[in-house]
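Please read them with the model open beside you.

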Amino acid sequence: MVFRQRLTFFGGVLLLFGGLILSVYLFLWLIRMINWSVDISVLLLAGIAAAFLVSGWMSVLGFGRWPRKRRLARWFIWLTYLGAVVMIVVQCFVFSGMLSESVEPPKTILVLGARLNGAYPSLVLQNRLSLALKQYDQIPDARIVVCGGQGEDESVPEAVAMRDWLERRGVDEARIICEDQSANTYENIANALSLLNDDASFSGRVLIVTSDYHIYRSKYIAGRLGLEAEGVGSRLQLWLRPFAHTRETISILREWVLPQKE
């Protein structure tokens, strides 16, 4: 009886979260802020919402009481619970990165790329660049490494657009290093390290500037590459967080299980 009550309680929690996710989806779809057919994070979060709703319904209403379907239902429910626990654990690491502070910022600032709108930084990337500019103004003799290659729907490499944005705001071109070949976070950092290693004055310490939810994974990858990294993150728009955190969960799990190598 106690086990059944606990199962019903957790099923209700899953129903609540699944319904909440679905409600957010419908709201964003109605105001045309998401594209159901393009962004993989949208599809991932939709799948999670569906799994939560189905598992919650099975747990609360006792779908597993029919003999032929009992075993399948139990497996589905427990796998959903396991997935939920894994997501919570991963998000604890994400939030630990968001709460980290830079005690003694290094003189090398690494700005990680993000999507462009044509040739101009998106709002997410502008927020990263604004934070990098603030750090640059506070660190004497700092230099900035801007990272990011060119996507299929972008007219210039992300690093070039980032460099131009910084130069228009007074950063000396000589203080900017442009890494314009990378296609993901690992390549951002690995390619930047290759450029920095050519400089005998490079100490191996970097300050990574990215979005706040992205700090943990960025520092984790930097550590694997032998860098001593600190991180600061720009805030992300609230409506983007469910999608960004879902995608980041998958990326962190992949980095833990199948780390990318050069």
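1. Start at Glu179. Leaving aside neighbours within four places in sequence, Glu179 is in contact with Val146, Cys147, Gly148, Ala159, Glu187, Asn188, Asn191, Ala192 and Leu195. Contact here means heavy atoms within 4.5 Å.

2. Basis of the model. This is a predicted model: local features need pLDDT of at least 70, side-chain atom pairs count only at pLDDT 80 or more, and totals for chains, interfaces and linings use all residues. Residues are numbered from 1 along each chain as its sequence is written, and side-chain values use heavy atoms, with hydrogens and water left out.

3. The setting of Glu179. Glu179 sits in strand E5, residues 176-179. Helices (H or I, at least four residues) and strands (E, at least two) are DSSP runs, numbered from the N terminus. Is Glu179 buried or exposed? Glu179 is buried, at a relative accessible area of 2%. The cut-offs are under 20% relative accessible area for buried, over 50% for exposed, and partly exposed in between, with a 1.4 Å probe and protein chains only.

4. What else surrounds Glu179. A polar atom of the Glu179 side chain lies 2.8 Å from the backbone nitrogen of Gln181. Pro157 is 22 residues from Glu179 in sequence, yet their C-alpha atoms are 9.1 Å apart in space. Ser194 is 15 residues from Glu179 along the chain, with 9.7 Å between the C-alpha atoms. Ser194 belongs to helix H6, residues 185-196. Ser194 counts as partly exposed, at 39% relative accessibility.

5. Cysteines. How many disulfides does a search of the whole structure find? The search finds zero. A disulfide would be a pair of cysteine sulfur atoms within 2.5 Å. For Cys178, the nearest cysteine sulfur is that of Cys147, 8.7 Å away. Cys178 is partly exposed, with 25% relative accessibility.

6. Whole chain. The protein chain has eight helices and seven strands. Of its 262 residues, 44% count as buried. Take the contacts between residues at least 6 apart in sequence: 71% of them join residues at least 24 apart. The accessible surface comes to about 14600 Å², and 61% of that belongs to carbon and sulfur atoms. Accessible areas come from the Shrake-Rupley method with a 1.4 Å probe; for residues, only the protein chains shown count as cover.

7. Salt bridges. A search of the whole structure finds eight. The criterion is a side-chain nitrogen of Lys or Arg within 4 Å of a carboxyl oxygen of Asp or Glu. One of them joins Arg163 and Asp164, with the closest N and O atoms 3.5 Å apart. Arg163 is partly exposed, at a relative accessible area of 25%. Asp164 is also partly exposed, at 28% relative accessibility.

8. Arg241 with Asp212. Here the closest N and O atoms of the salt bridge are 2.6 Å apart. The pair links distant parts of the chain, 29 residues apart: Arg241 is in helix H8 (residues 241-257), and Asp212 is in the loop between strand E6 (205-211) and H7. Arg241 counts as buried at 17% relative accessibility. Asp212 counts as buried at 5%.

9. Arg224 with Glu255. In this salt bridge the closest N and O atoms are 2.5 Å apart. Arg224 lies in helix H7 and Glu255 in helix H8, so the pair ties together parts that are 31 residues apart in sequence. Arg224 is partly exposed, at 34% relative accessibility. Glu255 is buried, at 7%. Elsewhere, salt bridges that share partners join Arg205, Glu228 and Glu230 into one network.

10. Helix H7. Which residues of helix H7 (residues 215-224) are buried? They are Ile215, Tyr216, Arg217, Ser218, Ile221 and Ala222. Gly226 follows H7, and its phi is positive, near 90°.

11. A surface patch. Trp75, Leu79, Leu82 and Val86 make a nonpolar surface patch of about 420 Å². Patches are made of residues with over 30% relative accessible area and no salt bridge; like charges are joined within 9 Å, and nonpolar side chains (Val, Leu, Ile, Met, Phe, Trp, Tyr) within 5 Å. Leu82 is in helix H3, residues 67-99. An α-helix has 3.6 residues a turn, so residues three or four places apart point the same way.

Technical notes
Polar contact = N/O pair within 3.5 Å; in protein donor to acceptor, adjacent residues only side chain to side chain.
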